[in-house]
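Me: I'm new to this one and would like to go through it piece by piece. Can you put it up?

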Amino acid sequence: MFAAYAAELGLPDPLDGLRLGELPAPRPRPGWSRVTVRAASLNHHDLWSLRGVGLSADRLPMILGTDAAGVDEDGNEVVVHPVVGLTGHGLAPGEARSILTEKYQGTFAEQVTVPTGNLVPKPPGLSFAEAACLPTAWLTAYRMLFTQARVRPGGSVLVQGSGGGVATAAIALARAAGLRVYATGRDPRRRARALALGATDALEPGAPLPHPVDAVLETVGAATWSHSIRSLRRGGTLVLSGATSGDRPTTTELTRIASHELSVVGSTVATVDELRALLTFLTTTRTRPTLDRTLPLTQAPQGFTRMTEGTHFGKIVFTL
């Protein structure tokens with residue numbers, strides 16, 4: 001079957017380790033289902049895999065991609081939850097939890113297999129391309145907002161960075177939930193698009209907000225850490241799910257965290273139930289993912305290059 005996969009790791013240009021070509025189709029496994037992939041979306045996780053983060057050379061070749069929507073063996077349209085073993089389904093005794101592309105082959109291929117419990121029905125109102133955007137970036141944003149930050153309608157939130165998949169998802173979800181949403185971005189065009197997505201205001205990085213917010217969603221890390229802490233109201237919550245600019249800020253703001261009784265909450269793996277809730281939320285509110293572009297899987301290198309350059313806004317989707 002045709003696939004986009006990591007063949008080498010840790011090269012000076014990580015994209016030189018990306019290959020397109022034929023690999024064996026996945027073999028049947030008890031408790032697992034095979035999905036014919038219709039669409040799969042690109043995440044920063046895939047770039048980190050090519051750099052050798054979370055993926056070792058002894059597991060190559062490794063098909064990349066954590067997100068997919070497609071059709072299962074019974075003809076059902078489904079969305080794939082990418083974390084294997086979160087509920088224990090489909091694992092042998094002692095088999096550790098993992099995300100696709102670290103131990104198990106990923107979704108940038110004609111077929112992928114996952115535990116049957118990882119499949120969630122795709123709502124008919126969502127296209128395959130839209131549904132493929134959800135299991136990592138959109139689900140991460142959903143968990144950050146509603147499970148970890150516990151924001152309520154009428155509250156306020158700052159989203160650091162306005163162009164990536166998690167950030168654009170957070171803006172759209174927060175707006176649909178009745179929140180005041182502030183976003184930051186270096187590029188004026190990205191700030192304008194954040195406003196078009198529903199942000200109350202879009203500011204340059206580090207700019208003061210009109211008022212302190214209830215929660216900050218932080219995926220940038222060191223570059224925005226101090227601004228995030230200082231943007232929170234007393235008793236507010238910072239939710240951290242990534243640090244693309246580095247994980248060692250020059251100052252940790254410990255005094256302010258203590259004096260303002262702030263909460264700093266990490267957020268990683270969302271559950272299958274949260275994916276179901278996200279799909280219901282999108283169906284009810286008619287909110288849809290922002291697609292930067294849709295490319296055939298044969299043009300996967302172009303999508304990887306665009307993400308590496310940071311010129312995208314929203315999700316990059318590969319179709320089969």
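Me: Which strand pairs with strand 15 in the parallel sense over four bridges?
Reply: Strand 16, residues 263-266, pairs with strand 15 in that way. Two strands pair if DSSP finds at least two bridges between them. Helices (H or I, at least four residues) and strands (E, at least two) are DSSP runs, numbered from the N terminus. This is a predicted model, where local features need pLDDT of at least 70, side-chain atom pairs count only at pLDDT 80 or more, and totals for chains, interfaces and linings use all residues. Residues are numbered from 1 along each chain as its sequence is written, and side-chain values use heavy atoms, with hydrogens and water left out.

Me: What is the bridge partner of Leu238 in strand 16?
Reply: Val264 is the bridge partner of Leu238 there.

Me: And how many bridges are there between strand 14 and strand 15?
Reply: Five, again in the parallel sense, with strand 14 at residues 213-218 and strand 15 at residues 232-240. Ala215 has Thr237 in strand 15 as its bridge partner. Together with helix 6 (residues 225-231), strands 14 and 15 make a right-handed β-α-β unit. Right-handed means that, with the strands pointing away from the viewer, the path from the first strand over the helix to the second runs clockwise.

Me: What does strand 11 have to do with strand 12?
Reply: Strand 11 (residues 156-159) runs parallel to strand 12, and four bridges join them. Val157 stands opposite Val181 in strand 12. With helix 4 (residues 165-176) between them in the description, strands 11 and 12 make a right-handed β-α-β unit.

Me: What about strand 13?
Reply: Three bridges join strand 13 (residues 201-203) to strand 12, and the two run parallel. Thr184 has Leu203 in strand 13 as its bridge partner. The chain crosses from strand 12 through helix 5 (residues 188-197) to strand 13, in a right-handed β-α-β crossover.

Me: Which residues line the largest cavity?
Reply: Among them are Ala141, Met144, Val159, Gln160 and Thr219. Helix 4 supplies the largest share of the lining, three residues.

Me: Last topic: how many aromatic pairs are there?
Reply: Seven in the whole structure. Rings of Phe, Tyr and Trp (its six-membered ring) pair if their centres lie within 6.5 Å; planes under 30 degrees apart count as stacked, over 60 as edge-to-face and the rest as tilted. Trp32 and Tyr104 form a tilted pair, 5.4 Å centre to centre with 50° between the planes.

Me: Buried or exposed, those two, Trp32 and Tyr104?
Reply: Both Trp32 and Tyr104 are buried. Another pair is Phe108 and Phe318, with ring centres 5.1 Å apart and planes at 80°, so it is edge-to-face.

Conventions. On a 1 Å grid over the protein atoms alone, a cavity is a set of points where a 1.4 Å probe fits but cannot get out, and a pocket is an open set with protein on both sides within 12 Å along at least five of seven lines; lining residues have an atom within 4 Å of a point. Buried means under 20% relative accessible area, exposed over 50%, partly exposed in between (1.4 Å probe, protein chains only).
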